[in-house]
Amino acid sequence: MLVLGIESSCDDTGLALVDDSGLIGSVMASQVPIHALFGGVVPELASREHARLIGPLLDKLLADTGKKITDIDRIAVTRGPGLLGSLLVGVQFAKSLSLATSIPLIGVNHLHAHLLVAGLENSLAFPALGILVSGGHTHLMQMESPFSMKVLGKTLDDAAGEACDKFGKMLGLPYPGGAYLDKLAQYGTINTKLFPRPYTKNDNYDFSFSGMKTAASLWLQENPEAKLPLLPLGEKYSEEFFQNCPQIAKDGAASYLYAIADTLVIKAKRVFKEFQPQCIICAGGVAANSFVRSQLTDFAKEKNLPFYVPKISFCSDNGIMIAYTGYLLAQKGYFHDLTLSAIARGKPIPQDYLQK
Ligand code: KG4
Ligand code: ZN
């Protein structure tokens, strides 16, 4: 069974083909250079770019893989959560394609897809603990199966990725700052006491990372020498740039990322009161972070559980995770009809599959 996956929930347009043997091919267009000019995603620009790119990207995917539209058995598309305008482009495109070709449609929950793509290269055991950390989401999920997941906790304000991006911006790094902060932090020494573990003095599974920004801003006021020089727009941030940054900035970055990763571990530990996972999965853009990876690896070792993180290229938004999740749903006989709608961030995504 050949499944086309379409992702357009935020600022990446990604399409991919997955079949019984795994990944067949993928294409992707990132809008980072456009939104970097504004220091964050501008929703109207994002949807316009999706609309401009989605058709040519499908043509490229088919040309690259030597497949024809008629070879496709299912069209899987991100239905939410995300930016409504961006989602609508993908959903309308998928519905039009489905209507024109009679290929059945499947709407995919973007958050589930982030976690499930770990199964493309690993054999996941359920129930699993899912730790989803991205620019827009920080969720702890009880994954009973690929088709049944419960949100145990989530961020009440900023996501972990947002906290990284904001600190990056304060230091003078370009948008999105998370990956740059990680690079800078590689040259730093961790001071475990420098930053708080926000919203951990309670017994729930939720997060609140907005306090990290306040802590970072106060720290920066006390240590203005940590501010980095701005590079002219378009100039590359080389390894040499990070090496030459002030030591205090490197140490601040390392301590900040350590505190974020530690906060994730503190909350993940609590989940074991709720259920006994068979494995731990971490996914989303922030799963690419070296501190998050290493601290969660240690945590999983301590619990004697397998720990899975999708490959870095599968971590940030992409069409592969949608195609793979669509494939899993299609295996169960699930599909949607043309009444499928896009669901914006903050609204629940129903499990309203039709089945045959
Ligand atoms: O999953 P994703 O691509 O998009 C969303 O659905 O949000 O995640 C993007 C987020 C951004 O906040 C970005 O800064 C962060 O992931 N990110 C990182 C790293 N790579 C990407 N944060 C920390 N360290 C990294 N290495
Ligand atoms: Zn995402």
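Both Phe 167 and Phe 195 are buried. The model is predicted.

**Aromatic pairs**

A search of the whole structure finds 13 aromatic pairs. The rings of Phe 167 and Phe 195 have planes at 65 degrees and centres 6.0 Å apart, so this pair is edge-to-face.

Tyr 180 and Tyr 237 make another pair. Their ring centres are 5.3 Å apart and their planes stand at 65 degrees, so this pair is edge-to-face as well. Here too, distant parts of the chain are linked: Tyr 180 belongs to helix 6, and Tyr 237 to the loop between helix 7 and helix 8 (239-243), 57 residues apart.

How exposed is each tyrosine, Tyr 180 and Tyr 237? Tyr 180 has a relative accessible area of 25%, so it counts as partly exposed. Tyr 237 has a relative accessible area of 16%, which is under the 20% cut-off, so Tyr 237 is buried.

**Cluster**

Phe 167 and Phe 195 also belong to an aromatic cluster. Trp 219 and Tyr 256 complete the group of four named residues.

**Lysines over rings**

Two lysines lie over the faces of phenylalanine rings, as listed below.

| Lysine | Ring | Distance from ring centre |
|---|---|---|
| Lys 303 | Phe 272 | 4.3 Å |
| Lys 356 | Phe 335 | 5.0 Å |

How values were computed. Residues are numbered from 1 along each chain as its sequence is written. Chains are lettered from A and ligands numbered from 1 in the order in which they are written. This is a predicted model: local features need pLDDT of at least 70, side-chain atom pairs count only at pLDDT 80 or more; totals for chains, interfaces and linings use all residues. Side-chain values use heavy atoms; hydrogens and water are left out. Rings of Phe, Tyr and Trp (its six-membered ring) pair if their centres lie within 6.5 Å; planes under 30 degrees apart count as stacked, over 60 as edge-to-face and the rest as tilted. Buried means under 20% relative accessible area, exposed over 50%, partly exposed in between (1.4 Å probe, protein chains only). Helices (H or I, at least four residues) and strands (E, at least two) are DSSP runs, numbered from the N terminus. A charge sits over a ring if NZ of Lys or CZ of Arg is within 6 Å of the ring centre and within 35 degrees of the ring normal.
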